[in-house]
Amino acid sequence: MASHRKPKQRSLTSSTARAAALLALTGAASATLLDGTGHAENRLTPAQVKAKVDEYQRQAEEATERYNGAKDKADQAREALDALRDQAARRTTRLNTARNALGAFATAQYRSGTIAPALQLALSSSPGQYLQRASLAERAGSRQAALIASVGRQERKLRQVRGEAADRLAALRASQTAAAHHKRTVQQRLAAADRLLDRLTLAQRQRLLAARDGDEAHADGTGSPITGRAARAVSYAYAALGKPYVWGATGPHGYDCSGLTQAAWRAAGVALPRTTYTQINAGRRVTRDQLAPGDLVFFYSGVSHVGLYIGDGRIIHAPRPGAPVRVASVADMPFAGAARPA
């Protein structure tokens, strides 16, 4: 009698098991953290809500700068990939043309046949005519050899270009994945900040926002004359006052912090990189006491925020979601460094 056996279950590979365990632990930890955070947030005072919202929005801005960097890399990789694909298509066309020419040459030789040189000389009634024909044949052989070498070179170059295109495609996909991850982080942090604000009464929320706005100076004009490109950059920043903060935007209808400084200096004819992390290395570093209008001023230990210096200890910047482009004091945020674009 056949024995009854339990059906075999597929065993998980070690990597699959580790991934499953990690997901389970992460899910449990996330659920615990979110549940605990929700209860804790219910007990926050308006002042604590303000501090927590500021923290979430700074985290969102850090993620925004990483998103900008990943998106910039993706854009560059896409452009390079398109160029390599075009180059590969042109090289493929030239290679096919060369191969067709080589095939036609070989076909013609086959049809005409090959006669030994000594026999050709023996059968020739004119040695001079034979030598002329031999010279033509030698040159034809040289052309054939050159054509074969050319085909080989083109095949090698085409393989190289296709390999570079594959590398660019991999870089593009990695950058797109990173950008999507940072975008989700931005959205999660901003949503967390909105949830906190929604816990306040209308009066509390208005007082909180008024207090945050009161931390920033609202002034017009600059105290020192500005000339040249710096003047054009500062003028652009003034024209952007009041426009909304839009994460990932470079204008003209909205900006994030590095998007505003990039757009301002672009209007002055200077191309700045996209993120705070790269803009701080654009141009010459200056100290706080050396600041001049047009300089880029960076804030926080992670260099996650930037504004455009306009003189008298003030900057124009795109502060955060919900706050339009405005004038602020350099002293309002932890100073991290400054750079003067060329």
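Leaving aside its neighbours within four places in sequence, which residues is Phe298 in contact with? Select Phe298 and look around: the list includes Thr276, Gln279, Ile280, Val303, His305, Val306, Pro334 and Phe335, where contact means heavy atoms within 4.5 Å.

A word on what you're looking at: this is a predicted model, where local features need pLDDT of at least 70 and side-chain atom pairs count only at pLDDT 80 or more, while totals for chains, interfaces and linings use all residues. Residues are numbered from 1 along each chain as its sequence is written, and side-chain values use heavy atoms, with hydrogens and water left out.

Six strands form an open sheet in the order 1-6-2-3-4-5, with antiparallel pairing. Strands here are DSSP runs of E, at least two residues, and helices are runs of H or I, at least four, both numbered from the N terminus; two strands pair if DSSP finds at least two bridges between them. Strand 1 (284-286) and strand 5 stand at the edges with a single partner strand each, so one side of each has no neighbour in the sheet. On average, neighbouring strands are turned by 40 degrees against each other, direction ignored (axes are lines fitted to C-alpha atoms, for helices over the stretch in contact, and angles run from 0 to 180 degrees between N-to-C directions).

Now pick strand 2 (residues 296-299) and strand 3, which pair in the antiparallel sense over four bridges. Phe298 stands opposite Val306 in strand 3.

Move along to strand 4 (residues 314-317). Arg314 and Ile316 on one side and Ile315 and His317 on the other are all buried, meaning under 20% relative accessible area with a 1.4 Å probe, protein chains only. Three bridges join strand 4 to strand 3 (residues 305-311), and Leu308 has Ile316 as its bridge partner.

Last stop: the largest nonpolar core, with 28 residues. Such a core is a set of buried Ala, Val, Leu, Ile, Met, Phe, Trp, Tyr and Cys residues joined through side-chain atoms within 4.5 Å. Among the members touching the most others are Tyr255, Trp265, Phe298 and Leu308. Helix 7 gives the largest share, five residues.

Methods
Buried means under 20% relative accessible area, exposed over 50%, partly exposed in between (1.4 Å probe, protein chains only).
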